[in-house]
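Here are some notes for a colleague who is opening this structure without having seen it before. Please read them with the sequence and the model side by side.

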Amino acid sequence: MTGLAVAASKLEHLPLPFSTVDILDAELVAVEQLAAGVAAGTGAGEELLGRMQLWRTETIEHTRAGLRRIQHALNATAADIRVATTPTPPATPQLATPWRAETLAKVTRRRHQHKDIEAGLRKIEELGYGVEQRSNGHFHAHCPCGYCPTVIVASTPRNATAALGQLRRIAARGCHTRRPAP
């Protein structure tokens with residue numbers, strides 16, 4: 001248990017002096033009875049007795065309400081401490097949406113101008129990758145799992161052999177979530 005968790009537990013179970021209110025109430029009742037005896041013997045002091053009773057009830061109610069507010073504030077503080085110390089699970093990064101490849105598989109696209117690169121794009125489409133051509137002319141291949149990075153092939157690559165090699169490696173390797181364990 002961390003130090004903050006211990007502090008939160010102590011705040012929740014902090015004893016407040018509600019028993020002191022009961023002792024105060026008992027003392028005020030005794031004083032009220034003495035005042036009633038004096039008022040009955042003399043015939044005077046009925047007004048004083050009424051004020052004493054009113055003062056006693058207001059004092060006790062306000063004291064109890066104040067202690068309840070303190071207790072509520074302590075419990076709220078303990079709850080805030082618990083929330084602040086609760087670890088949050090790390091977010092799983094998602095590089096692309098899984099449905100993107102499925103959606104793109106249904107869309108027709110223009111052919112790539114290099115026949116070898118076009119053959120490589122068709123090969124990875126057969127593996128489930130969705131291939132789209134962006135407005136700048138580049139082809140983007142999205143993995144069906146949604147976690148693998150998007151592969152980008154230029155419309156006019158500087159080195160067509162390197163682009164073709166990249167597509168062949170993807171076709172040979174496949175998606176990392178579907179690879180068999182070694």
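1. Glu132 is a buried residue, its relative accessible area being 13%. The model is a predicted one, and in it Glu132 belongs to strand β1, which covers residues 130-133.

2. The partner of Glu132 is Arg134, with which Glu132 forms a salt bridge whose closest N and O atoms are 3.1 Å apart. Arg134, at 33% relative accessibility, counts as partly exposed, whereas Glu132 is buried.

3. How many salt bridges does a search of the whole structure find? The search finds two, and besides the one between Glu132 and Arg134 there is a salt bridge in which the side chains of Glu118 and Arg122 meet at 3.1 Å, N to O.

4. Glu118 and Arg122 are four residues apart in helix α5, so about one helical turn separates them. In an α-helix there are 3.6 residues a turn, and therefore residues three or four places apart point the same way. Glu118 is buried, with a relative accessible area of 4%, while Arg122 is partly exposed at 41%.

5. Helix α6 has 14 residues (160-173) and reaches 20 Å from its first C-alpha to its last, which is close to the 20 Å expected at 1.5 Å a residue. At its start, a side-chain oxygen of Asn159 comes to within 3.2 Å of the backbone nitrogen of Thr161, and after the helix comes Gly174, with a positive phi near 75 degrees.

6. The buried residues of α6, among them Leu164, Leu167 and Ile170, pack against α5 (115-126) and β3 (151-153).

Conventions. Residues numbered from 1 in each chain as written. Predicted model: local features only at pLDDT ≥ 70, side-chain atom pairs only at ≥ 80, totals over all residues. Heavy atoms only, no water. Helix = DSSP H or I, 4+ residues; strand = E, 2+ residues; numbered from the N terminus. Expected span 1.5 Å × (residues − 1). Buried < 20%, exposed > 50% of the residue type's maximum accessible area, 1.4 Å probe, protein only. Contact = heavy atoms within 4.5 Å. Polar contact = N/O pair within 3.5 Å; in protein donor to acceptor, adjacent residues only side chain to side chain. Salt bridge = Lys/Arg side-chain N within 4 Å of Asp/Glu carboxyl O.
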